[in-house]
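Keep the viewer open as you read.

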Amino acid sequence: MNLMNVDYTTKIPNNVDLAQDRQVLKALESWHPGYLDWWNDMGPEGFQESLVYLRTAVSVDPKGWAKFDYVRMPEYRWGVLLAPEEEGRLVNFGQHKGEKAWQEVPGEYRAMLRRLVVIQGDTEPASVEQQRHLGKTAPSLYDMRNLFQVNVEEGRHLWAMVYLLQKYFGRDGREEADDLLRRRSGDADAPRMLGAFNEATPDWLSFFMFTFFTDRDGKMQLESLAQSGFDPLSRTCRFMLTEEAHHMFVGETGVARVMRRTCEAMKQAGIEDPNDIARIRALGVIDLPTMQKKINLHYSLSLDLFGSEVSTNAANFYNAGLKGRFQETRLRDDHQLTNDTYAVLKFGGGAIKLVDEPALTALNMRLRDDYTNDCSKGIERWNKIVKALGVDFQFELPHTAFHRQIGEFRNVQATPKGVIVSEAEWAKLRDDYLPSTADGDFIASLMQSVSEPGEFAGWIAPPKVGIDNKPGDFEYVKIAA
Ligand SMILES: [Fe+2]
Ligand SMILES: [Fe+2]
């Protein structure tokens with residue numbers, strides 16, 4: 001078969017020749033009903049019967065892989081798609097550097113690899129759970145469709161990881177696949193594995209921030225797993241990255257549209273001071289300082305996803321050739337890092353300082369730095385919009401030490417500028433830097449559904465172009481009565 005195109009003749013669309021792989025096909029088919037139960041319980045609430053204009057992958061050719069059509073979400077064809085095999089691909093880093101990439105799981109690394117796949121897999125359904133209530137308050141059909149597109153693709157990413165578990169990890173893999181459907185975001189007894197995926201996504205600004213910041217963590221993790229010497233994992237992650245780009249687009253443009261609308265409303269009302277919060281809110285738009293607080297929250301929660309700055313696990317994953325660095329093959333060094341160091345931000349003796357650590361154990365810190373760079377570029381793009389609209393305000397990423405639960409700074413409180421403060425001071429300052437209950441209530445008061453084609457809630461500007469080049473009044477979701 002042509003492994004570029006996706007086979008839709010089996011119940012589970014795929015480009016991995018499942019028709020010839022009866023055992024795995026059977027395992028996936030028996031997992032499928034549980035997945036659908038999960039989707040119906042935990043997927044977008046109230047819209048399962050609606051027709052949504054969604055893209056579905058029909059190929060893994062980067063030049064044209066998707067087709068758009070109306071679909072009821074439970075009938076979405078979730079499939080298993082891997083980027084094409086690269087002939088002669090090697091393990092590109094770690095102690096096995098130069099060996100042929102593995103097509104099977106190396107026995108000695110089985111437990112480590114399974115853990116990497118499960119942790120990645122667990123984040124995918126979590127975000128669907130976190131976002132399940134948002135359809136009801138969508139600011140437009142365009143936004144509602146984008147939410148559902150992100151949701152079905154996160155569902156597909158779960159399939160991607162479950163395929164790896166079922167094909168390569170036998171019975172333990174099947175048990176892990178079942179557990180991925182058992183845990184629930186925010187559940188007291190069986191929570192999702194990582195902190196940010198147990199937080200609520202209470203409103204649409206949070207959703208946009210989440211897809212900008214937390215899906216971008218996902219991008220960094222997928223980028224480093226795409227470097228893996230275990231070829232099926234690499235190929236899986238490479239295709240997921242194609243889809244992930246849209247999620248971050250939804251986040252970045254979503255936030256940008258909220259900023260644009262606020263700035264335009266301020267100008268129209270003759271308000272020059274971005275901190276004139278009461279008057280700005282009276283216009284029915286979200287003031288920029290509150291948006292900065294949301295940035296502080298989502299960025300700091302996402303930094304925690306990178307784990308401890310210094311980590312022997314990260315070193316082991318790298319040495320084993322399982323998880324590489326961001327753009328590993330483009331970096332110019334020996335790709336083994338045995339004698340290298342990397343500067344790590346640490347806290348000691350009351351001060352924050354950079355300390356050289358062995359590069360191998362500092363890999364989490366390094367990936368987090370790459371992430372911060374990526375985020376800063378987005379912040380710059382947002383600032384350009386605000387500036388062009390004539391408003392004097394600049395968004396900033398908070399300091400790494402701000403509001404952390406994991407790593408070096410978990411036991412201290414710091415301001416967004418990186419000034420360490422006492423617990424008592426922090427208690428007084430907290431609401432200046434993170435969304436307060438009152439901020440949340442105000443945003444919640446704006447969250448009212450707008451579902452006429454071509455119309456948008458007053459707190460967000462329309463997009464510049466439609467999805468799939470559709471006109472402004474296109475009915476992206478045909479809501480079932
Ligand atoms: Fe994902
Ligand atoms: Fe995503």
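**Rings, metals and strands**

Start with a charge and a ring: arginine 216 places its charged end over the ring of phenylalanine 212, 4.2 Å from the ring centre. Keep in mind that you're looking at a predicted model. There is another contact of this kind at tyrosine 70, where the charged end of lysine 478 sits over the ring, 4.3 Å from its centre.

Now for the metals. What coordinates the iron ion that is ligand 1? Glu124 and Glu154 each contribute an OE atom and His157 its ND1, at 2.0 to 2.2 Å. Read along the chain, these donors follow the spacing E-x29-E-x2-H. Glutamate 124 belongs to helix 2 (residues 110-130) and histidine 157 to helix 3 (residues 141-168), so this pair ties together parts that lie 33 residues apart in sequence. Glutamate 124 is buried, at a relative accessible area of 3%, and histidine 157 is buried too, at 0%.

The iron ion that is ligand 2 has Glu154 (OE), Asp215 (OD), Glu244 (OE) and His247 (ND1) as its donors, at 1.8 to 2.2 Å. For this ion the spacing along the chain reads E-x60-D-x28-E-x2-H. What about the geometry of the site? The angles among the 4 donor atoms run from 89 to 171 degrees, and the site is irregular.

Glutamate 154 coordinates both iron ions, ligand 1 and ligand 2, which are 3.5 Å apart. Glutamate 154 in helix 3 and histidine 247 in helix 6 (residues 231-269) link distant parts of the chain, 93 residues apart.

Next, the aromatic rings. How many aromatic pairs does the structure hold? There are 33 of them. One is formed by tryptophan 204 and phenylalanine 207, an edge-to-face pair with 5.2 Å from centre to centre and 75 degrees between the planes. These two are 3 residues apart in helix 5 (residues 204-225), which means that about one helical turn separates them. Tryptophan 204 is buried at 0% relative accessible area, and phenylalanine 207 counts as buried at 0% as well.

Phenylalanine 213 and tryptophan 382 also pair edge-to-face, here with 6.4 Å between the centres and 75 degrees between the planes. Phenylalanine 213 sits in helix 5 but tryptophan 382 sits in helix 10 (residues 363-388), so the pair ties together parts 169 residues apart in sequence. If you're checking the cut-off, ring centres have to lie within 6.5 Å for a pair to count. Phenylalanine 213 is buried, with 0% relative accessible area, and tryptophan 382 is likewise buried at 0%.

Elsewhere, ring pairs build up a cluster: Trp31, Tyr35, Trp38, Trp39, Tyr76, Trp78 and Trp159 are linked in this way.

On to the strands. Is strand 1 (residues 51-57) mostly covered or mostly open? It is mostly covered, with 6 of its 7 residues buried. Strand 1 runs antiparallel to strand 2 (residues 66-72), and 7 bridges join the two. Within that pairing, tyrosine 53 stands opposite tyrosine 70 of strand 2, and tyrosine 70 is the residue whose ring has the charged end of lysine 478 over it. Strand 1 also pairs with strand 7 (residues 477-478), again in the antiparallel sense, over 2 bridges. There, valine 52 has valine 477 of strand 7 as its bridge partner.

Last stop, the cysteines. How many disulfides does a search of the whole structure find? It finds 0. Take cysteine 375: the closest cysteine sulfur is in cysteine 237, 19 Å away, and that is too far for a bond. The cut-off for a disulfide is 2.5 Å between the sulfur atoms. Cysteine 375 is buried, with a relative accessible area of 0%, and cysteine 263 also counts as buried at 0%.

How values were computed. Residues numbered from 1 in each chain as written. Chains lettered and ligands numbered in written order. Predicted model: local features only at pLDDT ≥ 70, side-chain atom pairs only at ≥ 80, totals over all residues. Heavy atoms only, no water. Phe/Tyr/Trp six-rings, centres within 6.5 Å; stacked < 30°, edge-to-face > 60°. Helix = DSSP H or I, 4+ residues; strand = E, 2+ residues; numbered from the N terminus. Buried < 20%, exposed > 50% of the residue type's maximum accessible area, 1.4 Å probe, protein only. Lys NZ or Arg CZ within 6 Å of the ring centre and 35° of its normal. Donors = N, O, S within 2.8 Å, 3.2 Å for Na, K, Ca; no water. Pairing = 2+ DSSP bridges. Tetrahedral: all angles 85-135°; square planar, octahedral: opposite > 155°, others 65-115°.
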